[in-house]
Each structure stands twice: as C-alpha cells, then as structure tokens.
Amino acid sequence: MQVLITIVSLGVFCLLAEIFNLRKLLVPVTVIGLLAILGISLNLWAIDPSMDEKYASMIAVDSFSNAFSSLFIILTIFLVALSGDFYKENQTKISDFIAIKVFLLSGAVAMVSFANLSMFFLGIEVLSIALYVLAASRRLDVKSNEAGMKYFLMGSFASGIILFGICLIYGATGYFDLAAIKDLSSGAGLPIWFPIGITLMIIGMLFKIAAAPFHFWAPDVYEGSPAMTTATMSTLAKVVAMAALYKILSSMTSSLTPTFEMVIVVVSILSMTIGNIMALRQDNVKRMLAFSGISHAGFMLMAILSLSTAASTLLYYTAAYALAGIASFAVIIYITRNKDNEATANFNGLGKTNPLLAAVLTASLLSMAGIPIFSGFFAKFMLFTDTIKSGYLFLVIIGVINSIISVGYYFKLILAMYTKEAAEEKQAVPFVYYFVAVVSILLNILIGIHPSLVTNLLN
Amino acid sequence: MDVTTLLLLLLVGAIATFFAGDKLASKVALVFSLGALGLSLYLLNLLNQGTNIGFTGSWIANPKVALAFKADGLSMAMVLLTTALTPLIIFSSFGNSFTNAKNFYALVLFMSFAMTGTFLAADGLLYYIFWELALIPIYFIALIWGNGDAEERKKAVVKFFIYTLGGSLFMLIAFAYLYSKAGSFLLEDLYKLDLKANEECWIFLAFFLAYAIKIPIIPFHTWQAKVYQKAPTVGTMLLSGIMLKMGLYSVIRWQLPIAPSAAKTYMPVLIGLSIAGVIYGSIVALRQKDLKKLLAYSSLAHVGLIAAGCYTLTLDGLSGAVSQMIAHGFVIVGLFFAAEVIFRRYETRTIADLGGIRSQTPKFTSMFMILVLASVALPGTFNFVGEFTVLYSLSQVNIWFAVLGGTTIILGAYYMLKMFQDVMLGETNSKVFADVTTNEAITFVVIIAFLLFFGLYPKPIVDLVTPSLNEILEVINK
C-alpha cells in the first residue's frame, strides 16, 4: 500500500511541478522519486517476505505483487527517462505526460496487488484511461487521434465486458473479495454464471493483452500512437495485463477445467501463429513489433496452463520481454523521432553510422527471438519445460516452429542495419538514449546469465 | 587449474581484441589464440597425469542447470583441434585487410570460445547454449565480411541461420523432455535414463535434425555450398574446419548414448544416408566451376563418411571418425587457404580462369599438391588413417557399405586431381603469380607437418580418444 500511495503522491507532485514552473527538473526528480519507490517496494520484501497487508481487504501485498510492481517501476523509470527528450518540443505539456505515466504506474500496481475485484477494476481503468490519453497525445496528428479513438472504443468495450463478468461473479457468490470467492469456488454448487463471469473477465483481459482473436486493435493503435506511447503499450501495459490475468485466474480458481485449458491452448496457438505470420509481412517497425507482441502474448498464455507453478516463469518471461522491448524502443524512438514514418528503411546502415545503437537493437531482437545468452532464451525455455510438464508437448512444438518463423522478421531489421547503405550521416545522440538502451539490454543479459536472480524471487 | 580457465582466456581474448582497436586487433587475437593453444596443451598434460580438469558448479536452481564441464580424451581432442586451428586461421588472414578489424577478430575469438564450450559442456542446457552461441558470430562474419553480391549473400546466410536454428530448437525440445524425465540436464543423469522405445525414437530424431543440418547429412545440406562460397575465407575455414565437427562430436557424445536403441534400429538408414552424401557430394563436386564450391562439396563427401563411421556404433568406426574429423579439419583449412592464396593474386575463384601457375611458383605448387593428396587420403597422411579405419568399420557392418563408401577415395582422387590440373598445370599463365610469402608458407608448413606427422604416428591421438570412446560404447551397449 505504501508503494501505491507514494506513486500517487509522485503523480500529484508532477502535476504541481507545472504550477511552480519546475519543468526542467521534472524528469530527473521523477526518476529519483521512482527509484525511491523501487527502494520502498524492495524494502517491503526485506522486512517480511510473506507479509500480507490489507487495507479494508482491498490490497494484498505478497511476493507476487511485490515482484511485479518492482518490474513495473523499473520499466516506468526507463520510460520516464526517455520522455524528457521525446517531449522536448512539447515542453508546455511535459508535466501532464509524465504525470499520466506515473498514474498509469499506480493503476498497474493496483492490478497486481488487488484483493478485491473492485480494486482490480479501478486499476485497469486508471491504466487504460492513461493509455487512451497518451495514444492521442499528438493532438494535431490525424493518425494519433485515430489511434486514440480506436483504442478508446475497443478498450472501453473490453472494460465493459470485464465489468459485466465481475457483476456475474458477484451475483453468483455475493462477494467481491478474492479470498471469499476462492473459498466458494472450490466447493460445488455455484450457479452457471460464475464460470460465465470468469470467462467474460478473461475475454476482456485477452483484449488488453492483444491475444488473437481479440488483437485487431493492436497494429493500428501501435502504428498511429506516438512512439513513446507505443513503447509504453508494448512493454509496460502488456506485461501488466498478463500478470493481472494470471493473478485473477490463480486467485479465483484452484485449478482450470480441461475444457478451459483447451481454450487457452487454442488462443495461444492462434496468437503465436497469426502474430508471427502477419509480422513477416510488415515494413513498419512499430507494426511489426505490434504483431510480434501478439505472438509473445501467445507464448505468455502458456504460463496459464501450469497455473499453480508458473508465477516465477511468467515473471521471468515478462521481465525478459519488457527489457528487450525497452532497449529496442529506445533505439527506435531515437531513429524515427524526426521522421514521419517508421519504415525499416530508416534503419539502413545503422551498423555503420552508429554501431552501439545497432548492437543494442540487434541484441534486443535476438533476445525476443530467443537466442541464448539473452534472457529471452531462458524465458522461452522455462515456459517450454513447464508446459511439457503439464503435458502439452504439441503446444511446445508449435511454439518452437513459431520461434523459427519469428527469426525471419527480427532478422529483416538486423539485415537492414548491417547490409544496406545509410541514407544519412551520423547524428549526435542525446546521452539518455544510450543510457536507457544500454542499461536495459545489460539488465536483460544479466538475468540471462543469472536467471536465478529473478526466478528465486517467487520461489 | 581446470578447463574453465581456457574458456575464460578465450572470452577475455575476444573482449581484449575488441578494445585493442582496428590496427592491433589481429595481433592481439593471435596472441590470445596461441595462449589458448598453449593452455590446452598444458591441460592435456594434466589430463594425461590423471588430474581431473573437469568442473562442476551450480548455476540455475530452477530448472536445475549446472555449470558442468567434462574433459575426457574425446573432448580434449576436439578442444585441441579448435585451439590449434584458431591461431592458424587468424594467422592465415594476415594477408587480408578487413574493415572494422576489431569486430571481426573479436567475433572469431568469441566463436572459438563458444565452440570450445560446446566440446566441453556436460550439461544439456549449457551445451545447447554454447551450441547456439557459436552460430551468432559466424552469422555476422559471413554476412558483413563475406564476398559476392550482397543480396545473394544475405539470402544464403539467413537460410543457413534459420536452418540451423530450426534444427537446434527441436533438440531443445528433446532436452526439455529429457529434463521432465530425469530432473536434471547432467550428461551422466541423461545416460542413466531408461526410455521407452518410442520416446527414444522421437528424441533420436529431434537430435538428428539438429546434427544432420549442422554436419550436414543429405538431404539437409542445401545451405552449405552457398554459405561456404559467400563467407570470407576465415569464416569458411571456421565453418568447415571446426563448426561442422560440433555436429559430429555431438552425435558421439549426446545422440548415440542417450538414444542407443533407436540408433541401433535405424543404423542401416543412417549409414545409407551418410553414404548417399558421400556419393552425391563427390559427383556434384566434379561439376563445380567455383573453387570454393568444389571444396564445399568435397567437404560434404568427407563428412558423410565420418558420419557413417559414427553410426556404425563400433570402436573402430568411432575412433576412425574422430581421427578423420581432426585430419579433415586441418586439410580443409589448408585447401581453403590455398584457394585464398590464389584469390589474393588473381582475384578469381573460377577454375576456368586459372591454370598455368605451376611453373611460376614451384613452392606453392608442391604444398598445394601435398594437401590435395592428403585430402584424397594418400597413405602416409593422417587422413588415410581416419578414412581407412572408418571404411574398415563399415565393412564389418556390411561389406557393401564399405564398397560404396570407398568411392569417396576414388571419386575424390578424380575431382581433386582434375581440379589441381585445371588450376595449377597447363601452359604458363600470362598473369604473374607471385610466390608465397613467408607468412603464407608458415601456415601451409604447419598444416602439412601436422598431417604427415600423425599420418606416420597416429598413436597419441588414438590413445587419447580410445578410453572415452570405450566409455561411450559401454553406455550404448548397456
């Protein structure tokens, strides 16, 4: 709870900074504030790892929520650090954008530490509304407006479905409280709308994580939104939604029914395959990463098949994916910041004009493709071992085939960087891009060399 | 002192080379690779004295992965092949200049590090990681520093990458499955596993896919010739000299002992496929117009025979295969270097444009001739020891295998000598062919000396690998 309160206060401070004309200091101060919050979050662990703190049974802090909150805070630090340069031409609105990002984080933290469904819904709305605003934040750009509108319509539709599901669950059990619902769900005799309610909630969440067949909004919204927002959506928002989905399922039901597992298997296969095959055909980098994100959602869904044991695997996968995502977006934002599109051609010859950024982007793409020693490899590997243990060998084989396909489009970008001639001269790069790109890829490699750093957090 | 020091030395070497700057990179790389050679000879000495130079440490708790390196005679033989060829390959490139030399040589050393790790790893996942790591440097070496049309090169290299990665991912599934059975990736635990016949069969096939692509065995060879042709000579040497030995070594170390009954069931098919590669490679080599491509197909024929030796599951077959791996590693590096020497002077690899070099450079001609003869397994060279042992083991399984496999020597002699005739002999070429420089001569002499010495006295190598091969055979026949 301290974490949530401090995040919200930091958000309020960001808004106030506008009044007191502290724009210049805003980014560094926010980053320092977030680092302090990360410290608080880690400190909670040190005090008592099994602590179960409750506020009117709204929030339950456990190692799961703590681990994921810390990951979200780290991602937000990177995103805020990049914002300073990205919104340079929008100095007057910078405090709004940063405050929105901080509030978004508060929604994210609420989504993994809820003990009550109403708190969960609050969290998801705070997160989503922040994202709608960010998607439409380039107000004079038609594409950005379209993206914001599309995302808002689709997202509010999904929120509506989730809310409907929560209502049905309340109708069936009489509780919003997770612990009480779990007690009731293990006994027999719940009316049929309890499973229907859960199904509706899951459909809503599949919308949010952009898993097929609920993925149609993602490519357009990713492409239209400003690159900074796309980075937020594809890293932070995706892993938040995935963690929340896992938490809903694992805290409301003790085990999934076979039929339900089959549905997850089908959704996972569809997402992986559609995402990958469509990504092969894209020339716009943001669109390509949108489809690659869809296929990664398919991979992450495998974790749900081993619901009781896969929390640490999911944490590892999301961390690996998001860190690689941040590193690649740091490069992409820099390359495309003065361009009107994000075509692969913009990356031509980057290997010669800026070897360091090219190396970082290459490393992050290799991580997403699942090549060792990057953490993306271990993430996929752990997921595969868990899934084989739960008896879904064929799903793993499909996953592997998809990994091979994904090499095709990740390498398209790598080839462009190293084999084509650059169209323009090398430009000076603000230090912050190097910093974020290098630090996040180093973190990615660090947890690749030493996976126990992350997996031990939840064991 | 154990093998981790060797791995660290190579890794540090790669980093140091990167920071040495473009001018010094090649020299720093050479120093480190020579250091690695010295260290591996010292380790070999320790091993012969009976010291345990393996290493086991914990790495990841869940899933349980250990940092385990096993150094027995077989591993050390392969490690020595790697650490002996790396300085040779680096030294042979001194006549070329590369843009971004620091990246280039750092990648070469890094690849050497990954390959050494593959030969030493005794934990399935660790082995897999090294196996994949070796792929990344060669991808960039071939892509960035390769020759020929960029678009075509890109296609060839990406095809190579996707092929090998695809094959190995199936091996990864096999490992994940084995882990769910054994609860550990350690080699010894996997050896102990008692699998059902159909499980073994699937696991064998998954491994086979990875290795058949890497070696390559027909019909998984289609990536090979183009990549050999397009890669820079250093890359081709690394690929053909060491990297494809990774596949052959893995067959002996991982595939056969983990799934022995499947290996026995499929033995005729596997030997048949390998020998088909021998014949196919030889016939296609006959018709090649490009020197590097001809050598690529000759390499396909030779490794086919080595693979056939491995799949006989006899001591002779295995030890012949290991000898031939080492011999082939040296001879193919020498031959590709000869092609490079010609290219440096005439800027072409098309056989039709060559000819009439002999009279201009007797030194080079004689060295090239010895390499050609070694490659066709003339008695007195180490290649003869290897090929003869393999053919003998094949004849024990079925005399017809030996007869068909023996065509490699006949056809090999035909296409290699024909190539030699077209490239070196004939009327004196109007273009001047400068004689070999001292640096180039040193590379040739080292390779030739090695091949002749062990051709006459193969005992040290055979003695080194036989105990570990016997151990593996025990597991296979348990």
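How many residues of chain B are in contact with chain A? In this predicted model, 25 residues of chain B are in contact with 25 residues of chain A. The predictor gives the complex an ipTM of 0.89 together with a pTM of 0.92.

**Confidence in chain B**
- Chain B has a mean pLDDT of 90, and 100% of its residues reach 70 or more.
- Among the elements of this chain, the highest mean pLDDT, 93, belongs to helix α3 (residues 101-120) of chain B, while the lowest, 86, belongs to strand β1 (residues 55-60) of chain B.

**The side of chain B that touches chain A**
- As noted, 25 residues of chain B are in contact with 25 residues of chain A, and on the chain B side the elements that give two or more residues are α4 (124-133), α5 (135-145) and α6 (150-182) of chain B.
- The most is given by α6(B), with 15 residues.
- By residue type, this side of chain B divides into 20 nonpolar, three polar and two charged residues.

**The largest nonpolar core**
- The largest nonpolar core holds 387 residues, of which A:Val240, A:Ala330, B:Ala77, B:Ile173 and B:Leu248 touch the most other members.
- Helix α13 (residues 311-336) of chain A provides the largest share of this core, 20 residues.
- Once neighbours within four places in sequence are left aside, A:Ala330 is in contact with A:Leu82, A:Tyr433, A:Val436 and A:Ala437.

**B:Tyr163 in helix α6**
- B:Tyr163 lies in helix α6 of chain B, and it counts as buried because 20 other C-beta atoms lie within 10 Å, where 20 or more are required.
- Not counting residues up to four places away in sequence, B:Tyr163 touches B:Ile213 and B:Trp223.
- From B:Tyr163 to B:Leu248 the separation is 85 residues in sequence and 17 Å in space, taken C-alpha to C-alpha.

**Helices α14 and α15 of chain B**
- The axes of helix α14 (residues 315-346) of chain B and helix α15 (residues 362-375) of chain B cross at roughly 145° and come within 9 Å, and the crossing of α14(B) with α15(B) is left-handed.
- On the α14(B) side, B:Val331, B:Gly334, B:Leu335, B:Ala338 and B:Val341 take part, and they meet B:Phe364, B:Phe368, B:Leu371, B:Ala374 and B:Ser375 in α15(B).
- The residues of this contact divide into eight nonpolar, two polar and no charged.

Technical notes:
Residues are numbered from 1 along each chain as its sequence is written. Chains are lettered from A and ligands numbered from 1 in the order in which they are written. This is a predicted model: local features need pLDDT of at least 70, side-chain atom pairs count only at pLDDT 80 or more; totals for chains, interfaces and linings use all residues. A nonpolar core is a set of buried Ala, Val, Leu, Ile, Met, Phe, Trp, Tyr and Cys residues joined through C-beta atoms within 7 Å. A residue is buried if 20 or more other C-beta atoms lie within 10 Å of its own, exposed if 12 or fewer, and partly exposed in between; C-beta atoms are placed from the backbone. Helices (H or I, at least four residues) and strands (E, at least two) are DSSP runs, numbered from the N terminus. Two residues are in contact if their C-beta atoms, placed from the backbone, lie within 7 Å. pLDDT is the predictor's confidence in each residue, from 0 to 100. Ala, Val, Leu, Ile, Met, Phe, Trp, Tyr, Cys and Pro count as nonpolar, Asp, Glu, Lys and Arg as charged, and the others, Gly among them, as polar. Axes are lines fitted to C-alpha atoms, for helices over the stretch in contact, and angles run from 0 to 180 degrees between N-to-C directions. A crossing is left-handed if the near helix is turned anticlockwise from the far one by less than a right angle, and right-handed if clockwise.
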